[in-house]
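Work through the exercises below with the coordinates loaded. Each task is followed by a solution in steps.

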Amino acid sequence: MQSDRTLLLDVHSPSAADCRKDISRFADLVKSPEHIHTYMISQLSLWNAISSGMGSQDIIAALERWSRYEVDSRVTFFIEDQAGRYGDFILEEYDEDHLLLKVRRPVFALQLKADRSLEGLIEPHDDSSFLVRRYDRGTLKATLIRQGFPIADMIPLKDGAPLQISLRDTFRPRDYQVQAADAFISDGSPGTGFGTIVLPCGSGKTIVALMAMARLGRKTLILCPNVTSVHQWIREILDKTTLTEADVGEYTGNAKEIRNVTVSTYQVLTWRPAADGPYPHFSIFRDEDWGFIIYDEVHMLPAPVFRVTAELQALHRLGLTATLIREDGKEDQVFSLVGPKRFDSPWSELAEKGFIATAYCHEIRLQLPEEDEVRYALATSHQKHVIASVNPLKLDAAARIIGEHPDDSILIIGQYIEQLKYFHDRFGYPMITGSTGNAKREELYQAFRERKIKVLIVSKVANYAIDLPDASVAIQISGTFGSRQEEAQRLGRILRPKERDSHFYSLVTEYTVEESYALNRQKFLAEQGYSYTIDRW
Amino acid sequence: MKLLFPDIGKQKDKAYLEENGDGILAAVTDDDSELLTLLAASPPSWQSLPQDRRRSFLARGLAEEDREGNAAVSPLGLRAVSYAAIFGREGCIGSYPFQFLPMMMSILASGTISEKPSSAEKYLSSALFTSRFPSIDPEKATRAAAAIMKALLYLGVAEADSDGMVYLSQDAAMRFSKLGTVDAIGYLIHPEYFDSRRRHLVEALCFLSLARGGDEGRILRFISDATGYCLADDLDALGDLFFIERDGGRLHARSLSDTGDPLFSVSSDFTISVSGKCPPMLFAYADPLSLGEHVSQWAITRQSAKTAFSLGATCQDVERMIAEAATYPVSDTVFMRLRSWYESFNSLKAARGVVLAADERSARIIDSMSTLQVHILGKLGSSIYLMDPATERMWRRMLCNEGFDMLARTKGPRFLVEDEEIRSFEENARETGLPAERGVPYDSALMERLLKEADTPLKAAYVRSGLIWREGMEAPDVSSANGLYYQEKLALITAAAAKGGKVLAEMLDGDAYIGHPQKSAEGDEAYVDIEGICRLPIARIWKVYAVDSAIVSGKVRSADGCRSDSDSQ
């Protein structure tokens with residue numbers, strides 16, 4: 001325990017598992033490489049713990065129990081101070097259009113009155129309370145959290161229309177899935193029933209969501225990153241719950257079905273005919289009596305959806321993701337609008353237990369052909385990335401990898417369409433890009449699942465949420481600069497547990513900018529304990 | 001030397017002391033313990049002790065003196081010394097932040113700080129810099145960093161390049177990084193000292209590192225007497241460098257002993273978690289991320305690898321150092337990446353050197369000289385060599401020995417190569433050699449009982465002087481003069497003054513004092529001088545006793561003390 005509120009957990013200690021269980025209640029897991037896991041006690045993590053019933057003394061006692069050294073007084077002060085703030089701001093029902101924000105300490109009330117950033121959000125009601133428009137609930141919470149003032153939202157969540165749903169007994173949830181669902185639902189008291197679950201790709205986040213749906217039994221809206229994942233959700237719902245096709249609707253470009261459980265995409269919701277016009281499909285949020293909203297791949301929550309999400313604070317809401325990294329740095333907004341992180345688990349732990357595949361990561365270094373060296377040297381930095389990425393020697397390298405894995409189902413993933421087409425033309429393997437129609441995509445994915453296709457070439461459309469259980473080799477021939485999230489999500493395509501180990505190959509042109517981008521891309525996975533071998537071909 | 005107790009003959013000294021040692025030691029007050037401690041640390045301080053103290057120590061067998069007047073604490077007396085009496089006994093205020101200096105060296109090595117004072121100050125006070133040290137007050141971190149940078153530039157450990165950016169000088173940085181903490185602090189607060197003064201400084205710092213809440217003045221005096229170095233003017237600088245904390249006249253030094261579980265964990269995300277002292281060259285091959293109270297975080301990056309290679313380390317060196325220090329197995333990814341960076345580093349090099357052009361025959365000879373090869377930085381052709389300018393003298397001598405005595409002086413500008421003198425003094429610094437605590441503590445309760453039982457001021461004087469230390473011991477018979485007989489008093493005082501002895505003066509009101517008998521210059525007045533208290537004319541003294549000079553001067557008893565033997569008259 002350090003005075004900057006980081007906790008370093010030595011996983012080699014015999015009591016590491018018990019310690020983790022204890023501290024996870026009030027500290028967020030930051031990273032989990034192989035020897036030392038890092039946790040952080042933040043305001044949000046503390047408030048989350050307090051709202052679930054822990055007291056500041058419980059937290060301090062836990063720290064004293066596990067800390068190798070004396071707990072710094074600054075940390076205990078922070079914990080007591082932040083815990084003391086919880087309850088300073090309470091949000092309650094007022095009337096049909098408004099909520100009431102009660103402020104316990106007069107000095108804070110004065111502060112709010114003088115705060116210009118809150119103008120228009122709050123209206124003084126008396127010396128210690130303010131009126132808040134219902135649809136500003138989320139925005140207010142996000143704003144005050146940023147200023148260090150947590151709001152205890154005591155307004156019961158809207159029930160929404162009831163839904164008869166239960167899980168089939170054809171499968172048994174894993175213990176971490178049960179824990180995740182329990183952490184989300186909790187005891188149903190105010191302050192529970194909304195939040196984010198962070199679990200690795202392939203670990204069954206969908207199951208957690210289905211369990212939450214079954215326990216809540218409410219009309220549900222599910223938002224996904226693409227149409228393929230919409231179809232995957234629908235398949236899973238029909239396969240694992242008692243719902244029928246009549247209960248589940250698709251709301252996408254292909255269909256506009258609104259049913260008790262409706263699965264849609266972020267794209268359709270944020271589509272608008274004019275650049276500054278309204279979003280015609282936002283009405284799906286407002287007009288229906290939803291009781292539960294699920295945000296799949298919540299890290300992708302587009303900025304326009306933030307505003308609507310703020311309005312939907314009255315509903316149970318669940319965010320699912322494996323990688324809560326946003327290159328725009330707005331992770332905090334996700335937490336404050338959808339809800340705090342309720343459960344996460346180190347990737348390495350799940351891999352050890354066999355819940356996700358053991359994956360080996362390889363960085364294959366290739367030379368740039370001599371004829372491209374000068375062109376590369378004289379190119380702009382953006383062009384350098386392109387030249388390095390589309391290195392023609394990657395074709396032979398990919399061919400070699402495919403030859404070394406004759407029995408595996410292989411994905412070739414790339415950034416540049418021309419490069420993918422080149423691979424497609426030379427190898428003859430089928431290809432899916434953004435221009436491939438949804439029906440064709442489904443057909444090819446299905447053929448891949450049935451092992452009728454051994455190798456599939458895909459663009460970044462396959463980065464997220466595509467379930468290909470038997471994929472065991474991924475060859476990344478190019479990527480989006482240094483995106484850590486993309487790297488992690490691509491690895492996620494081959495992490496479904498299976499009988500064979502998985503291999504992730506990243507082809508990198510050495511002595512080019514691609515090397516440094518590759519190093520950055522690998523950061524998140526390295527923090528989860530994945531290490532890359534480096535081979536030069 | 002007159003022995004106090006008639007039955008302590010020279011032959012019985014050792015046996016007597018062995019038998020009664022614990023009792024004698026239990027009567028040694030904390031003040032006496034402090035003086036003995038100072039004597040043990042600095043024997044020359046014997047001469048500065050008050051004479052009665054010297055005699056008292058000798059009489060009790062706590063010190064030994066040779067014919068030349070040189071004294072030392074005796075084996076018995078060493079059981080009464082303790083440095084804690086001077087340096088304090090409070091708990092430690094925390095460990096020294098060993099990793100601050102390596103972190104600062106790492107930042108300097110990266111070449112991101114300008115030599116210009118204003119730019120350097122701006123950077124060092126920025127959040128970018130101070131946020132790396134969350135466990136340290138930002139202003140303090142800035143002050144410490146500025147002091148370190150200034151000192152390292154002075155020492156030549158850091159230099160400025162042609163762009164005015166500071167970087168580390170290879171050999172000097174390596175030498176500096178191997179210094180112990182006290183040595184390093186000594187160089188940082190006084191980079192300008194010559195060796196002789198530095199030796200005293202380091203010794204003084206070693207003593208200062210024992211401070212645990214002791215009185216600042218007392219500690220500084222002790223150190224000054226023991227080492228000959230006065231630290232008073234260095235306290236602010238030492239505080240800035242985290243060595244000490246000052247609190248209301250008390251001094252605390254941070255612990256220099258590494259008591260925590262050492263940790264050096266290298267993860268596959270290239271971060272290193274370190275607790276305890278930094279392994280060698282960590283500052284060179286890793287970038288500092290944050291310094292916590294217990295664990296610091298570093299990262300191996302391309303840039304930090306370049307720094308290490310620039311400082312002369314090979315990839316194998318770095319791998320070996322990491323592997324040796326690591327608490328847990330290190331992922332191959334880290335080593336593979338290091339090798340890859342090393343290849344890049346070696347793909348293009350720049351070196352300053354002396355070009356040696358040889359004919360074919362000479363080149364064959366040069367190639368065969370195995371001991372010369374280490375001075376060849378590279379070959380520019382089959383017979384053209386790039387020679388190390390730093391060792392020109394050596395390789396010239398070698399060539400001369402091989403028959404190349406016609407080699408002329410090197411043409412062109414001369415490279416200035418200075419040999420930085422950075423030596424360790426900590427290794428040879430004298431330790432206090434003292435135990436933390438006394439072997440036998442002062443038994444104040446026993447002394448109080450003995451004083452209460454002392455039925456005469458004379459006996460009380462012996463108790464206070466530690467010469468009576470157990471029940472049943474009697475004060476020896478001594479000559480005395482009753483107050484009614486002035487001439488007898490005068491004669492006793494005159495005789496005592498002539499011998500240089502002491503007297504016990506008992507007053508009518510019952511107070512009693514030990515002091516030096518003296519006569520006025522004219523000889524017509526006699527009095528007893530009680531050091532630091534008063535001068536008593538003998539006319540006012542009721543009774544006078546001639547006592548041994550081993551009796552400690554001062555007030556013996558107040559009026560409400562023991563019954564005067566004159567009461568029996």
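This is a predicted model: local features need pLDDT of at least 70, side-chain atom pairs count only at pLDDT 80 or more; totals for chains, interfaces and linings use all residues.

**Exercise 1.** Describe the interface of chain B and chain A by residues in contact, buried area and salt bridges.

Solution. 
1. Contacts: chain B contributes 30 residues and chain A contributes 33 residues.
2. Area: about 2,500 Å² is buried between the two chains, and carbon and sulfur atoms give 47% of this.
3. On the chain B side, the residues that lose the most area to chain A are His294(B), Tyr328(B) and Arg337(B), together 24% of what that side buries.
4. Charges: the rule finds five salt bridges across this interface.
5. A salt bridge also joins Glu343(B) to Arg536(A), with the closest N and O atoms 2.9 Å apart.

**Exercise 2.** Characterise the interface of domain 3 of chain A and domain 4 of chain A.

Solution. 
1. Bounds: the domain assignment of chain A places domain 3 at 175-345 and domain 4 at 352-536.
2. Separation: the C-alpha centres of these two domains lie 28 Å apart.
3. Contacts: 24 residues of domain 3 of chain A meet 23 residues of domain 4 of chain A.
4. Area: the two domains bury about 1,900 Å² between them, with 52% of it on carbon and sulfur atoms.
5. Charges: one salt bridge is found across this domain interface.
6. Within chain A, Arg235(A) forms a salt bridge with Glu442(A), at 3.6 Å between the closest N and O atoms.

**Exercise 3.** For the salt bridges Asp30(B)–Arg438(B), Lys555(B)–Asp511(B) and Arg320(B)–Glu324(B), find where the partners lie in chain B and how accessible they are.

Solution. 
1. Context: the whole structure holds 59 salt bridges over all chains.
2. Asp30(B) and Arg438(B) meet at 3.4 Å, N to O. Asp30(B) is in helix α2 and Arg438(B) is in the loop between α20 and α21, so the pair ties together parts 408 residues apart in sequence.
3. Asp30(B) is partly exposed at 45% relative accessibility, while Arg438(B) is buried at 11%.
4. Lys555(B) and Asp511(B) meet at 3.7 Å, N to O. This pair links strand β21, which holds Lys555(B), to the loop between β16 and β17, which holds Asp511(B), 44 residues apart.
5. Lys555(B) is partly exposed at 38%, and Asp511(B) is buried at 10%.
6. Arg320(B) and Glu324(B) have their closest N and O atoms 3.9 Å apart. Both lie in helix α17, four residues apart, about one turn of the helix.
7. Arg320(B) is partly exposed at 42%; Glu324(B) counts as exposed because its relative accessibility is 59% and the cut-off is over 50%.

Terms used
Residues are numbered from 1 along each chain as its sequence is written. Chains are lettered from A and ligands numbered from 1 in the order in which they are written. Side-chain values use heavy atoms; hydrogens and water are left out. Domain bounds come from an automatic or database domain assignment. Contact means heavy atoms within 4.5 Å. Buried area is the accessible area (1.4 Å probe) that two parts lose on being put together, summed over both. A salt bridge is a side-chain nitrogen of Lys or Arg within 4 Å of a carboxyl oxygen of Asp or Glu. Helices (H or I, at least four residues) and strands (E, at least two) are DSSP runs, numbered from the N terminus. Buried means under 20% relative accessible area, exposed over 50%, partly exposed in between (1.4 Å probe, protein chains only).
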